[in-house]
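Keep the sequence and the 3D view side by side.

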Amino acid sequence: MYAYSSSVVAISAAALLAPLTPLAAPPASAGVVPRAEQVERAGGRTQSLPLAPFGSSSRGPGAGTMGLSKPDAGPFTMVGVVWKDPEAELDGRVQVRARSAETGRWSGWQDLDAHAADAPDPGPGAESGGEAGNGGRGGTVARRGGTAPLWVGDSTGVEVRVVPARSRSGDAAGAAGLPRGLTAELIDPGGAGAGTDKVRAAGTAAAGRLAAQTKAASEADAVRLNPALPAARPFVGPRPKIVTRKGWGADESKRAKGYRYTKTVNIAFVHHSATGNNYRCTEAPGLIRGIYRYHTQSLNWADVGYNFLVDKCGRVYEGRAGGVTRAVLGAHTYGFNHNSTGIAVLGNYDSAAPSKAAVNAVSRLTAWKLGLFGKNPKSKQTKVSGGGKYTSGTRVRLNVISGHRDGFATDCPGVRLYDRLGAARASSASYQGRR
């Protein structure tokens, strides 16, 4: 998702491992959520905490560092860092550590992907559908830049540091070299609790899922949606089970009103969410609610950027609203959101391998979704760039199932997932009935 390909010069290990400030021992009741907070947690919340400069010292992170230390932040499960200008780049390293609500212990420092490569397309046409604001904030508000959000589990305390990259001469860049308005976003995704999420993740509530569909039913849908397809035998896979927005607990008041559609879906871009791998599949609905809240309330997008999400157990979730069979305009591959669909596998796959279940889910999902629009997963498609990695108007030849890095200057979806896309194309075509 967010990993940008620009290089960041290494910072000394001693600087990165040193704490920002001495921390007091956590209270014995750190894992207890007071009754008064339980109602607030049901609806979720986002805490926006401005970062402040830290001076250099023999133990500190160095000159120009921005950060915060808040051992008593209250309940949250996800952390991100945002800034005012969505076009600004953060040339540096962003790290967080969190204090467990269960044990009161602090985690080690973890990196956040510092460059948001997923975004609505540039230009007034892309903004008119609400990507400059959202219905949950009562009017149009400016988009922001941001890191990927990181899933840290149930936590009550946080430390954040943003260390500027060093210049070639070895001098540290000042805080002025970082984007303006740096803010840590602590996200509590809310919802009905872990017990209900377990049901949601399993997809057992009929009101919260779309049942798997036979190949014959999918073929009928393909012809109905696209009469130009050969009625005798359209190549389309059976629809997999899909946990709906209601199923994962989307608060529809948080997104912009209405939907935006394009004419077709001629390519699928595969992402990783870069939110970390330390989640249980029963926590996936809460993780998705956190991404949704981050995209809409912290970055000020119209809705969650991805059209679909897949957890490491292979469950598929509906992402951006507008209908899973429709060509819904997403915000996932800057420059190529038009006539495409974005699929994010929850986790980070730069070094960890994706599960077989997740890769198979991508294959089945693309066999169905691309098949509805008559696309062969093993073929290529010429796309016209809207900006970003390729100059606006450039014609680019891409695989019908591509990685995010194919359309944008990013490491996403991680080398380990990217290396599985060839196998995913072959199995997706097989699910469609192609030889």
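In which loop is Asn266 found? Asn266 sits between α6 (245-248) and β12. Helices (H or I, at least four residues) and strands (E, at least two) are DSSP runs, numbered from the N terminus.

Before going on, some ground rules. This is a predicted model, where local features need pLDDT of at least 70, side-chain atom pairs count only at pLDDT 80 or more, and totals for chains, interfaces and linings use all residues. Residues are numbered from 1 along each chain as its sequence is written, and side-chain values use heavy atoms, with hydrogens and water left out.

Back to Asn266. Its relative accessible area is 8%, so Asn266 is buried. Buried means under 20% relative accessible area, exposed over 50%, and partly exposed in between (1.4 Å probe, protein chains only). The side chains of Asn266 and Lys383 are joined by a polar contact of 3.0 Å. A polar contact is a pair of N or O atoms within 3.5 Å; within protein, one must be able to donate a hydrogen and the other to accept it, and residues adjacent in sequence count only if both atoms are side-chain atoms. Beyond its neighbours within four places in sequence, Asn266 is in contact with residues including Asn339, Leu370 and Val400. Contact means heavy atoms within 4.5 Å.

Now the whole chain. The protein has 435 residues, and 54% of them count as buried. It holds 11 helices and 18 strands. Among contacts with a separation of 6 or more, 80% join residues 24 or more positions apart.

Next, an open sheet. Seven strands form it, in the order β10-β11-β14-β13-β15-β12-β18, with mixed pairing. Two strands pair if DSSP finds at least two bridges between them. The edge strands, β10 (209-210) and β18 (401-403), each pair on one side only. Within the sheet, β11 (residues 242-243) runs parallel to β14 (residues 316-318) over two bridges. There Ile242 stands opposite Val316. Helix α8 packs on the sheet and touches β11, β12, β13, β14, β15 and β18. The directions of α8 and β15 make about 165 degrees. Axes here are lines fitted to C-alpha atoms, for helices over the stretch in contact, and angles run from 0 to 180 degrees between N-to-C directions.

Ile343 touches Phe269, Val310 and Leu365, among others.

Turn to strand β4 (residues 76-83). Eight of its eight residues are buried, so β4 is largely enclosed by the rest of the structure. β4 pairs antiparallel with β9 (residues 183-188) over five bridges, and Val79 stands opposite Leu186 there. With β8 (residues 150-164), β4 pairs antiparallel over three bridges. Phe76 has Ser155 as its bridge partner in β8.

Finally, Gly108. This residue lies in the loop between β5 (92-100) and β6 (110-112). Gly108 is partly exposed, with a relative accessible area of 48%.
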